[in-house]
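Me: I'd like to learn how to read a structure like this one. Could you walk me through it, feature by feature?

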Amino acid sequence: MALRSPLYLDVDTLLAQAEYHEIDVPQREEIVETTTKRRSGGGKFSLGAAGVDASGGSDVQRQATYSLEPREKATVSKVIDGLIGKNAVISRPDATTVLTRDALVEIEGRTRITAASLFGKMFFILRRFLEGGSLENLPDTLSATDPRLLEQIEEVYLRNELPPIPILLELEDSGLPQKVYINVTPDHFIDVASTNRVEGEIRVLGTVSRLIDDSPDGFLSAEDWLLSGWEWMLRRTIMTRMDDALVELRQVMSNQGIVLPDEDVDAYIMGPAIVVDAIALY
């Protein structure tokens, strides 16, 4: 097996899988030591028993990242090889493969960020925009015409950064008959978290979290990616108007030169499809 250089790695989940399948992990404590990158301030935090020790500083609209030393990459690759060697991973499933929830899979294909996540970035900006203010004007603010809001949207897209919210990718050319979506939770990127790093030819190691059939009821709300961090009642309120809001947001993005595919995830994921929670991207 070749040495893998992951661009995204959920260390805790990978090591939990290794422990469950009784795979020895040398230098475990060294692997889980990560370094956060902050706009101001800095520090390190350990995912092990040492707890958190980070210096002050204000987080901005970006994800925390960390680095892996070459020998740590080698150990991670050995852990993945060990999982595959023990048949704990369904590698490169196809149309004949029966998938179940919680199955550990390795799928290869071409990824792109879905419209739901592009809209999710906007709603993240909107939530920050509303913090400290009144919710009375929420319906008007959802029109996304406030010039201050548009300025923040432009800044995030120009910086090509990923805000600290879950990202939903579509994995095309996977060899599976159903659509494949990848849920990428924040703060596990190696070195840099940016949109251009998660789009392209990628292999994904992860667990199947959702199986969506093609029945009339075969759909999944995309609110976890659209409205991450929003209070529950606000999510319920906004989702009742989400279709209209997304039509307007599509127009806003079109005015900024961002044209989205017509057949994409907006407010719902339609079946047949699966959602895979990413453990590693490489």
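Reply: Happy to. Let's begin with surface patches: nonpolar side chains are joined into a patch within 5 Å, provided each residue has over 30% relative accessible area and no salt bridge. Keep in mind that this is a predicted model.

Me: Which residues form a nonpolar patch on the surface here?

Reply: Look for Phe219, Tyr268 and Met270, which together have about 300 Å² of accessible area. Tyr268 sits in strand E13, residues 268-270. With a relative accessibility of 34%, Tyr268 counts as partly exposed.

Me: Now helices. How do I read which side faces inward?

Reply: The general idea is that an α-helix has 3.6 residues a turn, so residues three or four places apart point the same way.

Me: Which residues of H9 are buried?

Reply: In H9 the buried ones are Met242, Ala245, Leu246, Leu249, Arg250, Val252 and Met253. They fall within an arc of 160° when seen down the axis of H9, so they line one face of that helix. On the face turned away from this buried side are the exposed residues Asp244, Val247 and Asn255.

Me: How far apart should the ends of H9 be, and what does the model show?

Reply: H9 runs over residues 242-255, and at 1.5 Å a residue its 14 residues should span 20 Å. The C-alpha atoms at its ends are 20 Å apart, which agrees. Just after H9 comes Gly257, with a positive phi of about 85°.

Me: And salt bridges? How many does the whole structure have?

Reply: To read one, look for a side-chain nitrogen of Lys or Arg within 4 Å of a carboxyl oxygen of Asp or Glu. Searching the whole structure gives 12 salt bridges. One of them pairs Glu108 with Arg92, where the closest N and O atoms are 3.0 Å apart. Glu108 is in strand E7 (residues 104-113) and Arg92 is in the loop between E6 and E7, so the pair ties together parts 16 residues apart in sequence. Glu108 is partly exposed at 32% relative accessibility, while Arg92 is exposed at 56%.

Me: Which residues join into one network of salt bridges?

Reply: Start with Glu172 and Arg110, whose side chains meet at 3.0 Å, N to O. Glu172 is in strand E8 (residues 167-172) and Arg110 is in strand E7, 62 residues apart. Salt bridges that share partners then join Arg110, Arg112, Glu170, Glu172, Asp173 and Asp264 into one network.

Me: Is Val89 buried or exposed?

Reply: Val89 counts as buried, at 8% relative accessibility. You'll find Val89 in the loop between helix H3 (70-85) and strand E6 (90-91).

Me: Last one: what should I look for in the backbone?

Reply: Most residues other than glycine have a negative phi, and most peptide bonds are trans. Here, Asp187 has a positive phi near 75° and lies in the loop between E9 and strand E10 (189-190). Asp191 also has a positive phi, about 70°, and is in the loop between E10 and E11. For the peptide bonds, check Gly271 and Pro272: a cis bond joins them, with omega about 0°. Pro272 is in the loop between E13 and strand E14 (273-281).

Technical notes. Residues numbered from 1 in each chain as written. Predicted model: local features only at pLDDT ≥ 70, side-chain atom pairs only at ≥ 80, totals over all residues. Heavy atoms only, no water. Patch = residues over 30% accessible without salt bridge, like charges linked within 9 Å, V, L, I, M, F, W, Y side chains within 5 Å. Areas by Shrake-Rupley, 256 points an atom, 1.4 Å probe, with all protein chains shown as cover. Helix = DSSP H or I, 4+ residues; strand = E, 2+ residues; numbered from the N terminus. Buried < 20%, exposed > 50% of the residue type's maximum accessible area, 1.4 Å probe, protein only. Expected span 1.5 Å × (residues − 1). Arc of directions from axis to C-beta.
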